[in-house]
Amino acid sequence: MFDTDPQFVSLGRDRWIDYAQHYGDASQIPPEWHNWIHKIVDTPPTVVPLPRPKYVIQHTENFTGTRKAYRPYNTTAPKITAWEPKPFKRV
């Protein structure tokens, strides 16, 4: 009742997403649905799919902070080397 009654629906609260994952991360929203949720287009992409150019890659969410996050590797030598003591033989 409160979700559909115009008297109780405030501005910007008439479109929402139920995330498939257990956490709600905004990067899980594909660009087509982003257009609809922010009222750039009036029809959802299930009704009128937007044309997708050939050069656009498949949408993936942001994996920062997870095991799938991008981690570059370093091939340059370190600028500072650790000190290694050289023991002298006692006489």
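Helices, of at least four residues, and strands, of at least two, are taken here as DSSP runs and numbered from the N terminus. In this predicted model, the protein chain has one helix and zero strands. Two side-chain pairs are described below, a salt bridge that involves E32 and R52 and an aromatic pair formed by W33 and W36.

**Overall fold and surface**

- The protein chain comprises 91 residues, of which 10% are buried.
- Of the contacts in the protein chain with a separation of 6 or more, 39% are between residues 24 or more positions apart.

**Salt bridge**

- The count of salt bridges comes to one.
- This salt bridge links E32 with R52, and their closest N and O atoms are 2.4 Å apart.
- E32 belongs to helix 1 (residues 31–37) and R52 to the segment after helix 1, so the pair ties together parts that are 20 residues apart in sequence.
- R52 has a relative accessible area of 40% and is therefore partly exposed.

**Aromatic pair**

- One aromatic pair is found in a search of the whole structure.
- The ring centres of W33 and W36 are 5.6 Å apart and the ring planes stand at 90 degrees, so the pair is edge-to-face.
- Both W33 and W36 lie in helix 1, where they are three residues apart, about one turn of the helix.
- W36 is buried because its relative accessible area, 16%, is under 20%.
- W33, by contrast, counts as partly exposed, at 30% relative accessibility.

Terms used:
Residues are numbered from 1 along each chain as its sequence is written. This is a predicted model: local features need pLDDT of at least 70, side-chain atom pairs count only at pLDDT 80 or more; totals for chains, interfaces and linings use all residues. Side-chain values use heavy atoms; hydrogens and water are left out. A salt bridge is a side-chain nitrogen of Lys or Arg within 4 Å of a carboxyl oxygen of Asp or Glu. Buried means under 20% relative accessible area, exposed over 50%, partly exposed in between (1.4 Å probe, protein chains only). Contact means heavy atoms within 4.5 Å. Rings of Phe, Tyr and Trp (its six-membered ring) pair if their centres lie within 6.5 Å; planes under 30 degrees apart count as stacked, over 60 as edge-to-face and the rest as tilted.
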